[in-house]
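Work through the exercises below with the sequence and the model side by side. Try each task before reading its solution.

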Amino acid sequence: NAAADSDLYIPPFRIDNFSAQVTRGSLEAAFRIVSQGAFSKAGGGFLFAIFEDQAHSPPRFAASPPVDVNEEGFPLLYKAGIRFSRVRNAQTYHRGISKRAQDETFTHVTVYLFSLRGGLLAKERYTLDPQLFTASL
């Protein structure tokens with residue numbers, strides 16, 4: 001049904017081109033925010049990268065920028081995010097955290113995009129390659 005297909009919701013942004021890099025004292029994630037659909041609807045918002053260590057019980061989280069998270073790692077205060085403005089086509093962002101210990105590792109990174117009013121616009125979760133951490137020791 002072609003009419004039903006045209007009514008499908010397309011979020012104003014998507015997240016892609018994820019990569020991660022570990023240096024001696026930090027972990028950095030890079031990702032791209034891509035504008036989709038009507039440019040006028042894509043007015044920007046707030047972003048977070050939540051680094052997760054699912055190897056621990058309970059899981060450990062580190063947020064960039066720093067924010068309190070719930071037990072699933074969801075940011076509790078959307079306005080504490082990094083403000084991003086209108087994205088015409090695509091824009092690359094980098095978010096990093098300092099490792100609290102030389103042997104600290106993380107298993108996942110989740111990138112959240114919130115609207116200016118706090119609605120969740122996009123969420124993507126990425127699995128980190130454990131080799132990232134062994135190569136940096």
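**Exercise 1. State what share of the residues in the chain is buried.**

Solution. Buried means under 20% relative accessible area, exposed over 50%, and partly exposed in between (1.4 Å probe, protein chains only). Of the 137 residues in the chain, 40% are buried. The model is predicted: local features need pLDDT of at least 70, side-chain atom pairs count only at pLDDT 80 or more, and totals for chains, interfaces and linings use all residues. Residues are numbered from 1 along each chain as its sequence is written, and side-chain values use heavy atoms, with hydrogens and water left out.

**Exercise 2. List the order of the secondary structure elements.**

Solution. Helices (H or I, at least four residues) and strands (E, at least two) are DSSP runs, numbered from the N terminus. The chain has two helices and eight strands. Read from the N terminus, the order is α-β-β-β-β-β-β-β-β-α.

**Exercise 3. Classify the ring pair F13 and F84, then the pair F74 and F114.**

Solution. Rings of Phe, Tyr and Trp (its six-membered ring) pair if their centres lie within 6.5 Å; planes under 30 degrees apart count as stacked, over 60 as edge-to-face and the rest as tilted. The whole structure holds 11 aromatic pairs.

- Step 1. The centres of F13 and F84 are 5.3 Å apart and the planes stand at 80 degrees, so this pair is edge-to-face.
- Step 2. F13 is in strand β1 (residues 13-22) and F84 in strand β5 (residues 82-84), so the pair ties together parts 71 residues apart in sequence. Both F13 and F84 are buried.
- Step 3. For F74 and F114 the centres are 5.7 Å apart and the planes at 80 degrees, so this pair is edge-to-face.
- Step 4. F74 is in the loop between β4 (60-64) and β5, and F114 in strand β7 (residues 108-114), so this pair ties together parts 40 residues apart in sequence.
- Step 5. F74 has 30% relative accessibility and is therefore partly exposed, while F114, at 3%, is buried.
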